[in-house]
Amino acid sequence: MSLATASSSVDMRATATALIARKRLLTFAVPLAILAYFVYIFFAFDILGLRERARLDNAIALVSDTYSYKTHVERNNRRGEIEVAVEGERKGTYDATNYPSWVTVGEDAATIRLDDGGTIEINGDIVRFEVPGFGLIEATQSRADGVTINLDTSDLPDWISYSNTRLSVTTKAARLSLTKARTEVFVYEFGWELFWFTLESPYYGHSFSEIAFGDRIDPTRSNLAGAWQDFWTNAIWRHGDVAWALFETVLMAFLGTFGAAIIALPLAFLAARNFAPLVAIRMAARRLFDFLRGVDGLIWTILLSRAFGPGPMTGALAILFTDTGSFGKLFSEALENVDSKQIEGVASTGAKPLQRYRFGVIPQIVPVLLSQVLYFLESNTRSATIIGAITGGGIGLLLTQAMITQKDWEEVSYYIILIVLLVMAMDSFSGWLRRKLIKGE
Amino acid sequence: MADLTAASLDVTRAHYMALTRQRRLYGGIMLLVFVLLLAAGFGIANERNAGGFLPGLPHIFDFPADVVAEAWEKRANLPGHLIDALPALIETINIAAVATLTGALGAIILSMLSTHGLAPWPRLIPVFRRMMDLMRAMPEIVIALVLIFILGGGPVPAAIAIAFHTVGALGKLFSEVNENADLKPLEGLASVGATWPQRMLLGLVPQVAPNWFSYALLRFEINIRASAILGFVGAGGIGYELKNAISWGQGKFDEAAAVFILLFLTIVFFDQLSSYVRNRMTYGATK
């Protein structure tokens, strides 16, 4: 007896020592392995070269565009016309009736008062830029001499760049660019201009309370209806199209998720060990699920868009195909875990097979299935954004389009905010539904 | 007396049947509304699609058939294409691995900061929770596209984008795991004067590491898919190869086929591996 205890305690001691040695090795080996992997990645991803490739000016443009916009005041030096336009867009061009308060446009002349106290005066071919704390920059352009300025060109600060053909002055409040072809002033202002109404709309420049409670602005329409119409059809921000795109994205996620759940449920019975009539059928169903999942949303999107063309239907089907595989696997696992006692109970009352499934199995698995499906609904909203970017539908498409043009970054930030809000809304909606349906709260 | 019992039984039964009928009616109406919603949804989606569902259906196998036919015709090139695409595949897997590792590390820290009983600053728990919600809600493609614009194409934007999302997604799961951890070891460590990092490392991590690992593995599998997709929008890796081969059209379909095969095999491999390892961890080595 005592001998056996002694030998077993020696055994235990040996195992304990071995275990501790293994633990000790692991505590050092795992962080070291991770570190070594990061070193490998550092070189494989060429992190050092990143600094050269990085375009910081792009980042600055992106960030400053997000919270501000610029208005162009432009004189065509060949024809001598002055134009004031938001972001230089035709759709945002001011006419004589509604110039911004900081600019006065006269006969072939314009005066711009800047926020920092400086002024820019365009007078025919002459430009005078009064920079606070620096002094006056006066420049002229002519076809014969090119661009000339009043400063000593050998000793210019780095925010002025000058050559015979071009002058460029950049301050915090504005940027001036002068060439033989045109005189341009870009004035930066805070906010997203024309977000509510474009300049053509009679409601432009009116406050909310004026529109809601004030006199009728457009005699043909009531204020609220007219304002809504002009907002919805805003040619620059296209609120109507954006709303449709958001709806399409949700639609893709909704159709894909629930369509997949409906198809996967009967198939899952064929793949579950305790329900499948034949091993061969079970194996076939499982391989089908593996295949559907393995092909992945990306490949399904490519294949399906060849047959159905770009659009929300293609995206919905791509989600449907992938998720049928995922749901099939999850559902069949849930089915394998059902309690057989309930089914026997229902069977003992003389229920036929279909009734046994309906009253013995479905009530057991519905909470599990619903919570899986609702969880997928939220994550598929995100997938639908990505798939939309590839197949051409929904908010993902708008986002990629806005990014490819590389100029309307305020729209990009607008879309990003909308996408994040959409996903969060879907998240809380599916969470709410889950609590409501499963816990009955 | 007996009469009374029978009558009350009848009343109860009638009441029960009425309730059942009502429930069935409500259930039926719910189902009908749901089916109508689904049908209407398909109708709208079909209408807004460039090509309709029914006209497209016969052509669903045209493209796969073209790819398979061309790949079969040039089947001698296939092994070469497979080897050519291998570096891109490794890049895709690396993106997913780096993103999962860094994302999991971030998630570990954030989840500790946002779990009651563990957090060093309990007042900030809601702040860290909202932070994770926001990170989770951000689709990878949004960050990837912005970073591609700033950093140029390549694996780094994709890795950062996926890691960012992973922090949010894993952080939520990790903090659920943390909530179930036993706090006694932590109290014991605190009583001997252990600092917060020491308490976490020695008291918490040994309890929850297996669960963390299991979730991280699942996330790794999801991230491989994400990294392949991001490649398609310009972030390098196998998705980029696939895009090039496909947009070339006829003539490079054998390359496309090779990429399809590699991608499929990789996803199936990691899918099976992760479910095998997770099963083993849950049920032990026997099952």
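## Two helices of chain B

In this predicted model, helix H7 (residues 155-179) of chain B and helix H9 (residues 196-235) of chain B have axes that come within 9 Å and cross at roughly 150 degrees. Axes here are lines fitted to C-alpha atoms, for helices over the stretch in contact, with angles running from 0 to 180 degrees between N-to-C directions. Helices (H or I, at least four residues) and strands (E, at least two) are DSSP runs numbered from the N terminus. H7(B) and H9(B) are therefore roughly antiparallel to each other; angles under 35 degrees count as roughly parallel, over 145 as roughly antiparallel, 65 to 115 as roughly perpendicular and the rest as oblique.

Have a look at the residues that meet: those from H7(B) include B:Ile162, B:Leu170 and B:Phe174, and those from H9(B) include B:Trp212, B:Tyr215 and B:Arg219. Contact means that C-beta atoms, placed from the backbone, lie within 7 Å. By class, the contact of H7(B) with H9(B) has 18 nonpolar, five polar and one charged residues. Ala, Val, Leu, Ile, Met, Phe, Trp, Tyr, Cys and Pro count as nonpolar, Asp, Glu, Lys and Arg as charged, and the others, Gly among them, as polar.

## The open sheet of chain A

Over in chain A, six strands form an open sheet in the order E2-E1-E12-E11-E10-E9, with antiparallel pairing. Two strands pair if DSSP finds at least two bridges between them. Strand E2 (81-86) and E9 of chain A stand at the edges with a single partner strand each, so one side of each has no neighbour in the sheet. From one strand to the next, the twist averages 10 degrees.

Strand E1 (residues 68-76) of chain A runs antiparallel to strand E12 (residues 182-190) of chain A, and nine bridges join them. A:Arg75 has A:Thr183 in E12(A) as its bridge partner.

Strand E10 (residues 166-170) of chain A has A:Leu167 and A:Val169 on its covered face. E10(A) pairs with strand E9 (residues 160-162) of chain A over three bridges, and A:Ile160 stands opposite A:Val169. With strand E11 (residues 174-179) of chain A, E10(A) pairs over five bridges; there the bridge partner of A:Val169 is A:Leu176.

## A further hairpin

E3(A) and E4(A) form a hairpin with two residues between them, and A:Asp108 in the turn has a positive phi of about 50 degrees.

## Conventions

Residues are numbered from 1 along each chain as its sequence is written, and chains are lettered from A and ligands numbered from 1 in the order in which they are written. In this predicted model, local features need pLDDT of at least 70 and side-chain atom pairs count only at pLDDT 80 or more, while totals for chains, interfaces and linings use all residues.

Methods:
Contact = placed C-beta atoms within 7 Å. Buried ≥ 20, exposed ≤ 12 C-beta atoms within 10 Å, placed from the backbone.
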